[in-house]
Amino acid sequence: MRSANTYMPYPMRIDAIIDEAPGVRTFTLKFMNNADAEEFSFKAGQFGEYSLFGEGEATFCIASSPTRQGYIECTFRQAGRVTSALARQEVGSVLGFRGPYGNIFPLEEWYGRNILFVAGGIALPPLRSVIWNVLDLRDRFKDVTVLYGARSVADLVYKHELKEWGTRSDMRLVTTVDPGGETAEWQGKVGFVPTVLETLAPGPENTVALVCGPPVMIKYTFPVLEQLGFTADQIYTTLENRMKCGVGKCGRCNVGPVYVCKDGPVFSYRELQSLPAEY
Amino acid sequence: MFILELSALQALIAALQARGYTVVAPTVRDGAITFDAISSMDELPRGWTDVQNPSHYSIARRSDDAYFGFNVGPHSWKKFLFPSRLRLFAATKAGKGFEIDASADGAPVHYAFLGVRSCELQAIALQDRVFRSGAYADTHYSRLRDNTLIVAVNCVHVGGTCFCASMNTGPHAETGYDLALTEVIADGVHHFVVETGSPKGEELLGDVPHQPAVDAEIAQVRSLWDTAAQQSGRTLDTRNLPQILNDNYEHPQWDDVAKRCLACANCTMVCPTCFCSTVEDSTDLSGEHAERWRRWDTCFTSDFTKVAGGNIRMSTRTRYRQWVTHKLCNWVEQFGKFGCVGCGRCITWCPAGIDITVEAAAIRGTSMTPTLG
């Protein structure tokens, strides 16, 4: 444990800001103190508590890859008090960060396997950490496929990276927007993520599927994967229940026997099936 | 076992104070028996008892001068170890950043709890597991808990709403105390029988006038314990209860209780094991100075599980179910024991008189999935 006070944040400076989509921003954050930077490490799937004094804390995943050291990135949508205050910050502003918290995607167990990413809307950030992690260790994995959809072209996040992923020969990127969300220039698919997944029909052999998206997308995507032959052990997601402490003490993210913050946020579909449907 | 004469109670309080303890004990305030700092045995609720039923609490005069002739009131000891409001730290704006002042916590208070019942010892032990287990021990809790001395008092009669025998948490204090008292009033005798539970308790007793209990006195106190254990109060049948609740998430009883439950959160506030909290900031008007506070929270509010995209518990039905299934089902998997110690506070202080033992029995009696009884 780094501090005598669990709630004590690291001060981090905003090094860069990217406007991703309407109301959605990415911050690149760097540690103010070298000692903090040196002791900090995390793995894909983990999250943190980001704060502004006087406003409070908000929970987001770490959206950058652990293979990229010296900084972290977070992507958030302006929604409540804290995220609205965060959205008003500029490069050079200092935030509080505590973390990393939670469990991880068991990437090392997946060496030698195909990885299928299925993401919707603002839920790409937790998977983006894994995608870059996998791409940075590309020779340890077999086929890499990313299916990403949003309501409209404007709502797609990481547009600059989608371009890069689309041109790479060592992965396959399929993007889609909901019907009506396309523009005249749009060259991706038009259709809901589960529908596009059905036509894409990835094989389940030696494959792990990571699914993150709004509840309605998740609800219709799991059955498609099962129809394609994926077992519940081959499907993973992250839960985004309301959290406060991040370390299993405040009780808020309790669902059935688990605390999402410390027993998750990464769960296999098999694990989800044994929980009450409160996520 | 030893005998303490009545006057030795004051010597005990003085000995605790001499060791730097703030002595906290039951005392009558606002028509209830609550916990507060005391300096004299005269501040104890001598001659008072409490009357408890579902949604009813009152205090009444006893026919004797018992110092501990009542059961548990609206306060629990968690208000001292897990304060309802705790300042985590302060911060002052400095350029584009801030400077944190974490030093304002002050020296930790050394509490001596006088009058802790067996169920409450078990509740403290449960909160110890919650706050001190895992990778992130709660340092605020540990700092207070490590400096706390406990003088237990054994219940010699069952209260109006409690059910410790069902939960295997009482009425006799078995562990978790430094000293344990039993107040004996019978046959012209009025004294305390004291048991030691730790080296700290033994050392403390050295400064308090006492004498070894003789056989007749030991027999007398044992008979009081036995009588208390055999008194019939409320019961909660815990056999296979976690599985039964797990099988009955969609039981119509949850709809039924939702019609009565006001979602007022009284049950979670008086519960000695409930530990949910929130973290919130406050600032002065200039915005230059901010403080981060932790305060008690409750699973009965709509804000508790609200996220930008929705809320997983929109109804009183799901919130009451969460509270009960956490206590009587999931707590067992998380912390190895039921999260209920049978103190009965939630029954007494529920304005609608909802009784957790009745609700659990209703679900058991009409379980939707056949389970072994």
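1. The contact between the chains. In this predicted model, 45 residues of chain A are in contact with 45 residues of chain B. About 3,700 Å² of area is buried between chain A and chain B. Carbon and sulfur atoms give 55% of that area. Three residues deserve a look on the side of chain A: A:Phe53, A:Lys249 and A:Arg252 supply 22% of the area that chain A buries against chain B, more than any other three residues.

2. Charges and polar contacts across the interface. Between chain A and chain B the count is 6 salt bridges. To see a salt bridge in the structure, take the side chains of B:Arg321 and A:Glu278, where the N to O distance is 3.3 Å. The interface of chain A and chain B also has 26 residue pairs in polar contact, with both residues at pLDDT 80 or more.

3. Which strands of chain A touch chain B. Strand 3 (47-52), strand 4 (56-61), strand 6 (94-101), strand 13 (254-255) and strand 14 (258-259) of chain A each supply at least two residues of the side that touches chain B. Strand 6 of chain A gives the most, with 5 residues. By residue type, the side of chain A that touches chain B divides into 22 nonpolar, 12 polar and 11 charged residues.

4. A disulfide is a covalent bond between the sulfur atoms of two cysteines. Over all chains of this structure, the search finds 0 disulfides.

5. Two cis peptide bonds. Most residues other than glycine have a negative phi, and most peptide bonds are trans. In chain A, the bond from A:Gly264 to A:Pro265 is cis, with omega near 10°. A:Pro265 lies in the loop between helix 7 (260-263) and strand 15 (266-268) of chain A. In chain B, a cis peptide bond joins B:Gly170 and B:Pro171, and its omega is about 10°. The loop that holds B:Pro171 runs between helix 5 (164-167) and strand 10 (179-186) of chain B.

6. A positive phi in chain A. A:Tyr158 is a residue other than glycine, yet its phi is positive, near 55°. This tyrosine sits in the loop between strand 8 (144-150) and helix 4 (159-167) of chain A. Is A:Tyr158 buried or exposed? A:Tyr158 counts as buried because its relative accessibility is 0%, and the limit for buried is under 20%.

7. A positive phi in chain B. B:Asn240 is not a glycine either, and its phi is positive at about 60°. B:Asn240 is placed in the loop between helix 7 (215-230) and helix 8 (241-247) of chain B. With 33% relative accessibility, B:Asn240 counts as partly exposed.

Terms used
Residues are numbered from 1 along each chain as its sequence is written. Chains are lettered from A and ligands numbered from 1 in the order in which they are written. This is a predicted model: local features need pLDDT of at least 70, side-chain atom pairs count only at pLDDT 80 or more; totals for chains, interfaces and linings use all residues. Side-chain values use heavy atoms; hydrogens and water are left out. A disulfide is a pair of cysteine sulfur atoms within 2.5 Å. Helices (H or I, at least four residues) and strands (E, at least two) are DSSP runs, numbered from the N terminus. Buried means under 20% relative accessible area, exposed over 50%, partly exposed in between (1.4 Å probe, protein chains only). Contact means heavy atoms within 4.5 Å. Buried area is the accessible area (1.4 Å probe) that two parts lose on being put together, summed over both. A salt bridge is a side-chain nitrogen of Lys or Arg within 4 Å of a carboxyl oxygen of Asp or Glu. A polar contact is a pair of N or O atoms within 3.5 Å; within protein, one must be able to donate a hydrogen and the other to accept it, and residues adjacent in sequence count only if both atoms are side-chain atoms. Ala, Val, Leu, Ile, Met, Phe, Trp, Tyr, Cys and Pro count as nonpolar, Asp, Glu, Lys and Arg as charged, and the others, Gly among them, as polar.
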